[in-house]
Structure formats: structure tokens, C-alpha cells
Amino acid sequence: PGTAEAITGVPADEIERAARMLWESRPVAYYAWSGVEQHSNATQTVRAIGQLYALTGSFDARGGNVLFAGVPANDIAGAELLPRGQRGKALGLAERPLGPSRWEFVTSDELYTAALESRPYRVRGLVGFGANLLMAHADSRRGRDALASLDFYVHADLFMNPTAELADIVLPVASPVETEALRRGFEVSPEAQSLVQLRQRLVEPRGEARSDTEIIFGLATRMGLGSHFWDGDIDAGYEFQLEPSGVSLERLRAEPGGVRVPLETRYRKFAATQDG
């Protein structure tokens, strides 16, 4: 506490009082996306909060932040299709093997470095969906140079924006009210997690606009990857995903308010014994 006081200006006795309050008030919960994540040191701050969960025994405990059960579904991510060697090429993985690149998530800084400096190799092409990088991420000038350096850039979006203006091709995307979309669970409570809903189209898309899903399925089919995308049939993909839940696409269309699937909330799942 004394060291922290010198760094932060918060009196040591107040730090100790806060620690005691957290311990005596267990379990505690953290309301995420409340502003902490918008600061420059967000990663370390959120990581520290995560350590408090572990130290106070609040993670996945009654009254704490709980990982609710989800509606059973077939995995459609296709992670098994990516060869190990290709997975190892994720930008940033060599420098931070436990960071986002471990799951093939790439930061804009790593993308810009690869495009401009060929480190660890040159990124030459990009298909972007709705991410206005230049306005939402740091170092807009460098980002503009990186996107301009690409051999080919396709951007799919609702609006023309500074990022889309740099693309070779801009694909018009349909808005949520113009497309169908499947949602399994709404995260905030056990009751919300049990809801499966097919958001239905309210109006027809304007012009040549298509949903993200239609664009991806169409590209995959044209590239000879249709067998992994139900030969372009989105409904077939939804039905495969829903199969373990026992809820049919036909029923969801007939009940636009959604269908609830009984779920059991379990706590401290990390402590469960498995295979001895």
C-alpha cells in the first residue's frame, strides 16, 4: 500500500480499507464495459480486476460474475480447418504468445506494421467488415498509410467512412432490419441465456445490399469452399447449428419472440473433477 500510495496519490490506509471491504463483502461482481476498458492502460487494469476475482473466490460463484450455461449447439467456427502451421503465422504471436494472437486475433498496430514494414511478413490484402479502423483505433495517419499500401482491399459497410474510402471495392451491407439473424442466448442472466431467437427481416434491403452472412457465404462458394458453408445455404447452416438444442428454424420463424430452452446454472465449474 505504501508503494501504491507513492505512485497513485491514494493514501495507504484507504487502499487497505478498500481491500478489507472487498474481502468482507464477498462475493463481489464487476460490471464490465463500464468505462475502464476505454483507458490507455485498460489491459493491465482489467487484468488486475481479474486477479481480484481469483483472490476473493468470486469468479463463477453465486453473487459474482458467473459463466452461465448456454443453449447446446454445433460449433460452426471451423477452427479445426486451420492447419497448425498457418495458425502459427498469426501476427503478434511470436512477441506475445499468450496474447490475442493465440486465438488469431490481431491488433491494428500489428496489422499496420506488417503492411508497412513487412514484419514478420508483408500483409498485401484485406477484407474488412464494418470496422472503421482510422476513426476507432490509434495512429490514424499510420493506419491510412498501411491501408493505402495494400495490393487489394475490400470493405463491407453500411456507410461510406474514412476507412471505406481507401478500399478498392466497397460492398454495401444491409442493416439489421433488412436481414435475418440467429441468436442463441443474451448473456446477462440465466433467463436471457435460455432464449433462442431468429430476428426476422422487417423490410427488403435497398439496392444491392446484402447481409455480412450472405457476403461471406457467397465469397466462400465462389472460392470453391462451398462444402464448408453448406453450399451457400444459410438456412442449412442455421439448422446444423441449432440441431443439439432441439429447436427448429421453422419454429423460430413461427414464434418471433423466441423459444426458451431449459438450462441449469452451475457454479465454480473450474473446480469440478473430470476423469479423476
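This note goes through the predicted model point by point, from overall build to local backbone features.

1. Basis. Residues are numbered from 1 along each chain as its sequence is written, and side-chain values use heavy atoms, with hydrogens and water left out. The model is predicted: local features need pLDDT of at least 70 and side-chain atom pairs count only at pLDDT 80 or more, while totals for chains, interfaces and linings use all residues.

2. Overall build. The protein has eleven helices and six strands; these are DSSP runs numbered from the N terminus, helices being H or I with at least four residues and strands E with at least two. The C-alpha trace spans about 65 × 50 × 40 Å along its principal axes. Of the 276 residues, 29% are buried, where buried means under 20% relative accessible area, exposed over 50%, and partly exposed in between (1.4 Å probe, protein chains only). Among contacts with a separation of 6 or more, 55% are between residues 24 or more positions apart; contact means heavy atoms within 4.5 Å.

3. Parallel sheet. Three strands form an open sheet in the order S1-S2-S3, with parallel pairing; two strands pair if DSSP finds at least two bridges between them. Strand S1 (125–129) and strand S3 (169–172) are the edge strands, each pairing on one side only. From one strand to the next the twist averages 10°. Axes here are lines fitted to C-alpha atoms, for helices over the stretch in contact, and angles run from 0 to 180 degrees between N-to-C directions. S1 is joined to strand S2 (residues 152–157) by five bridges, and Gly 125 stands opposite Phe 152 in S2.

4. Antiparallel sheet. The other open sheet listed here has three strands in the order S4-S5-S6, with antiparallel pairing. Strand S4 (181–184) and strand S6 (259–260) are at its edges with a single partner strand each, so one side of each has no neighbour in the sheet. Two bridges link strand S5 (residues 195–199) to S6, with Leu 195 opposite Arg 260. Helix H10 (residues 234–242) lies across S4 and S5 and runs at about 10° to S4.

5. Nonpolar cores. A nonpolar core is a set of buried Ala, Val, Leu, Ile, Met, Phe, Trp, Tyr and Cys residues joined through side-chain atoms within 4.5 Å. The largest has 14 residues, and Tyr 112, Val 123, Leu 147, Leu 150 and Tyr 153 have the most contacts inside it. Helix H5 (108–117), helix H6 (133–136) and helix H7 (140–149) each supply at least two of its residues; H5 gives the most, with four. Apart from this core lies another, of 13 residues, among them Phe 217, Leu 242, Leu 252 and Val 259.

6. Helix H5. Seven of the ten residues of H5 are buried, so this helix is largely enclosed by the rest of the structure. Its buried residues pack against S1, H6 and H7. One of them is Tyr 112; leaving aside neighbours within four places in sequence, Tyr 112 is in contact with residues including Leu 133, Leu 134, Arg 142 and Ala 146. Just after H5, Ser 118 takes a positive phi of about 55°.

7. Helix H9. In helix H9 (residues 212–222) the buried residues are Ile 215, Phe 217 and Ala 220. Their cover includes S1, S2, S3 and H10. Gly 224, which follows H9, has a positive phi near 80°.

8. Backbone points to check. Most residues other than glycine have a negative phi, and most peptide bonds are trans. The peptide bond from Arg 26 to Pro 27 is cis, with omega near -5°, and Pro 27 is found in the loop between helix H2 (12–24) and H3. A cis peptide bond also joins Arg 119 and Pro 120, with omega about -5°; Pro 120 lies in the loop between H5 and S1. Asp 60, not a glycine, has a positive phi of about 55° and lies in the loop between H3 and helix H4 (84–87). Asp 60 is buried, at 1% relative accessible area. Glu 187 has a positive phi of about 70° in the loop between S4 and helix H8 (190–193), but counts as exposed, at 55% relative accessibility.
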